[in-house]
Amino acid sequence: MAKFTLRVNGESRSVTAEPDAALLYVLRNDLELNGPKFGCGLAQCGACTVLVDGKPVRSCVTPVSAAAKGRISTIEGLGTAEKLHPLQKAFIEEQACQCGFCGSGMVMEAKALLERKPKPSEREIKQALNGHLCRCASHNRIVRAVQRAAKELS
Amino acid sequence: MKTSLSRRAFLQTGGALVIGFTLLPEAAWSQAAPASLPGSLNRNRMLNGWLRIDPNGTVTIFSGKIELGQGIGTALAQIAADELDVEMKRIEVIHGDTALTPNEGQTAGSQSVQDSGTAVRFACAEAREMLLSAAAAKLAVSAADLRVSDGTIAGPGGATASYWELAGQVDLKREATAQAKPKPASEHKWVGKSISRRDIPKKFTGGAAYVQDIRLPGMLFGRVVRPPSPGAQLASVDEAAARRMPGVVAVVRDGSFLAVAAAREEQAIKAREALKKSAVWKESATLPPSGDALYDHMVNLGVPAQTMAEKTSATAASAARTLEARYTRPYQAHGSIGPSCAVAVWEGSGDGRKLHVWTHSQGVYPLRGDLANALGIEPAAVRCTHAEGAGCYGHNGADDVALDAALLARATSGRPVKLQWMRDDEFMWEPYGSAMVMKLGGALDAQGNIVSWSHELWSHPHSTRPGQSKGSHTLAARHLGKPVTADPVRDVPLPAGGADRNAIPPYETPNLKVVKHLILDSPLRTSALRTLGGYANVFAAESFVDELAAAAGADPVEFRLRHIKDPRVRAVIEAAAQRGGWSPGAKGDGSRGRGFAYSRYKNLGCYVALVADVTVDRKSGRVRVTRAVAAVDAGQIVNPDGIVNQIEGGIIQSASWTLKEEVKFDATRVKTRSWADYPIVRFDEVPEIEVVLLNRPEERFLGVGEGAQGPAAAAIANAIAHATGKRLRALPFTRARVKTALA
């Protein structure tokens, strides 16, 4: 076990874990963040997506030691129930889920997209989210939510 | 009420019809039977089982139906708010807890609004009436002169009272009578509106929304080590080595059940890997042939035929042309995005030990019974509390992982255990939607009208959920050293049906035969996947009706309407055709095509008609669904956007099943282990969707959650046939299959 100081959602947090422990378990269990989800553990579904230095990474296959150097953002860092980020607001307004299990990964991927491309086309949104699986099939609502947030942010 | 409606629906077809089910529940024949109450009130008859009104100005609704992202909690609050005349914000809904809520069996079959919604509606209407009569007595006025606004009761001359001050005086601990009349639709303030779902905000703000988010003091993390194949038995494993690993608190081995608990989640995963490596399994080739050989095998097993419906006419016109076709559907997976998970803790000691399980099971009461049976304890010693999981679409691993967690937590000295299945646990061990074979036959008279219709099907069971017998239908129960087995399941009886769901066609025909071969022995575990047999039967029947229309030289929509009188059916068909841009006689151009399909889910639920547009790339065999338009009649609409969400999701999910999905296996092992082995639809493949709702405020609620699955599959098949002139009858329509068909 080793001690790591993680920069998560703008705060410094100390954790003790094996260097090869997946960032996902450290975020969920040590830091009690619910946003990133375990979906496959294989970087196939996107439910665990968080941002490291603004780039989307699959936290289920990212060792905590690798993430310790960067700034980590999860959906908890975007906004709160009282003060929603435009992306969170848009997903709620579009009712862009059924079960919602894939949702926070989608939002984080969309965050990264809007950072690098504030006015994406529908095609670009779909391309950016294509590595994320949604089994309830809320795809069209999710695309509309990203479009809505882009409009509000621009 | 349900039975009389279904009876009427069947009698409408006329002639000598034999249906293999009892129309009236047994109790209805008994003189001593209590009066039938609407919806789930009939089995949970006490008013206080459904609602509580508190002096602090809140209302609590108790429902045995659980939230699985379908929005039932919001819909129930809408119904309660209207019947009670209170604001929705005062209402809390508690779902599925064996210590708190009514037993409403499974949350399945698109029945939550029908059953629970109806019960809540009548219970709240009755409670309102009781509160008003208490207020009338208190204020010495007539109840008819009282008005309610958000729980405040106003009478003549400025007299006021409130639910909250009367709450202590009105005893809801009494049997419902269902005599208080619910409000007419014209007086609804909440029902019929697209109220935002209450479960959504926490899901997008990192709130604790799922069973995976439960954290208890001292909680350990668990993993299970499943056999490598359905027929495998554990011969040996180095448990001691795993126990020595960092963080490992317990290793449980009981027969072929093997699980590990550790202080940290990644430690449990590492210990699982180590156990997997050291385990020696005795495997055997128990699985049926795979690929196309599977379907001949299912037919050739020789399982006896049961006639489910039969009608003959001596006076019908003679057949001028007959047609036969065989359709097939592979094993398909629920594929929940989050693998199954449960939290379990044993409290107390010795004989007084009690188990508490947090579960995303669709039925907390049935699960409680099966857990108790597997663990050899009384159901009263088990409490099951529902917490949401990822979308399940039927019977996935939710119930199984609950037993896994309970077995593992028995060895952790009272420390709670959160047991999370890995991706391959879910893909290899969830009960699949059964493979099916459907043989359709039909005859046309000289005018091209249907004079006979037959539908013969072969299938494994579609409901092996907990709660069906004295044993246990949970997975680990059969792996224990002393296995706890279960009696063979029975199929869900008609009129809803299981394997034969929707096998009775909606079309008028003087001669009809529906035959089922239920193959009880299933080497691959099968159970309820959204629609049970309905998806495959509607795919087959609605493909076949297009084939008959083509043989008759008729337009598919006109041909359907020609054989249907029911005005509600005609209305959805006409609405879908109109909005979908149906143009009789339009020809496919070799790559683009348009298809139509219709079904009333279970022949009892919502009516859905659907137009699908496809493009077929003849070179690669790739089929794209570009657009789908659905028309839906779900009776009275509680939450329009909730219905649209279910239908949109249903169409896209069905397109995924239809174009891509098939569980792969060889003679011994399941080969589908990850998303790489089981592709599903992605963002760049989803169609545009339009949903037209036909509201019928004067009609009762009709379940909608599964309505689109069958028609979407058939509309896609019909669109491909329209585009290319080739009829595809074997699901899924993968690139390879389409390419071969077009070659």
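Colleague: What should I know before I look at the model?
Modeller: This is a predicted model, in which local features need pLDDT of at least 70 and side-chain atom pairs count only at pLDDT 80 or more, while totals for chains, interfaces and linings use all residues. Residues are numbered from 1 along each chain as its sequence is written, and chains are lettered from A and ligands numbered from 1 in the order in which they are written.

Colleague: How many helices and strands are there in chain B?
Modeller: Chain B has 17 helices and 25 strands. Both are DSSP runs numbered from the N terminus, with helices being H or I of at least four residues and strands being E of at least two.

Colleague: What is the radius of gyration of chain B?
Modeller: The value for chain B is 27 Å, which agrees with the figure near 27 Å for a compact globule of 743 residues. The radius is taken over C-alpha atoms, and the globule rule is 2.2 Å times the number of residues to the power 0.38. Along the principal axes, the C-alpha atoms of chain B fill a box of roughly 80 × 75 × 50 Å.

Colleague: And what percentage of chain B counts as buried?
Modeller: Of its 743 residues, 56% count as buried. A residue is buried if 20 or more other C-beta atoms lie within 10 Å of its own, exposed if 12 or fewer, and partly exposed in between, with C-beta atoms placed from the backbone.

Colleague: Which domains does chain B have?
Modeller: The assignment gives domain 1 (37-195), domain 2 (211-283 + 334-429) and domain 3 (293-332 + 432-463 + 498-742). Such bounds come from an automatic or database domain assignment.

Colleague: How many residues of domain 1 of chain B are in contact with domain 3 of chain B?
Modeller: In domain 1 of chain B, 19 residues are in contact with 20 residues of domain 3 of chain B. Two residues are in contact if their C-beta atoms, placed from the backbone, lie within 7 Å. On the domain 1 side, α2 (72-84) and α3 (112-139) of chain B each supply at least two residues. That side divides into seven nonpolar, 12 polar and no charged residues.

Colleague: Which residues go in which class?
Modeller: Ala, Val, Leu, Ile, Met, Phe, Trp, Tyr, Cys and Pro count as nonpolar, Asp, Glu, Lys and Arg as charged, and the others, Gly among them, as polar.

Colleague: Let us change topic. Which residues of β2 of chain B are on the covered face, and which on the uncovered one?
Modeller: In strand β2 (residues 51-54) of chain B, Leu51(B) and Ile53(B) form the covered face, and Arg52(B) and Asp54(B) the uncovered one. β2(B) pairs with strand β3 (residues 58-63) of chain B in the antiparallel sense over four bridges; two strands pair if DSSP finds at least two bridges between them. The bridge partner of Asp54(B) in β3(B) is Thr58(B). The hairpin has three residues between these strands, and Gly57(B) takes a positive phi near 85° there.

Colleague: Why does Ala167(B) count as buried?
Modeller: Ala167(B) counts as buried because it has 20 C-beta neighbours inside 10 Å. Ala167(B) lies in the loop between α4 (163-166) and α5 of chain B. Leaving aside residues up to four places away in sequence, Ala167(B) touches Ile53(B), Asp54(B) and Pro55(B). Its C-alpha atom is separated by 9.3 Å from that of Gly57(B), 110 residues apart along the chain.

Colleague: Now chain A. What is the order of strands in its open sheet?
Modeller: The five strands have the order β2-β1-β5-β3-β4 (chain A), with mixed pairing. The edge strands are β2 (11-17) and β4 (55-58) of chain A, each pairing on one side only. Strand β1 (residues 2-8) and strand β5 (residues 71-73) of chain A pair in the parallel sense over two bridges, and Val8(A) has Ile72(A) in β5(A) as its bridge partner.

Colleague: Which domains does chain A have?
Modeller: Chain A is assigned domain 1 (2-77) and domain 2 (86-153). Their centres, taken over C-alpha atoms, are separated by 21 Å.

Colleague: Finally, how many residues of chain B are in contact with chain A?
Modeller: In chain B, 45 residues are in contact with 47 residues of chain A. The largest share of the chain B side, six residues, comes from α15(B). By class, that side has 17 nonpolar, 16 polar and 12 charged residues.
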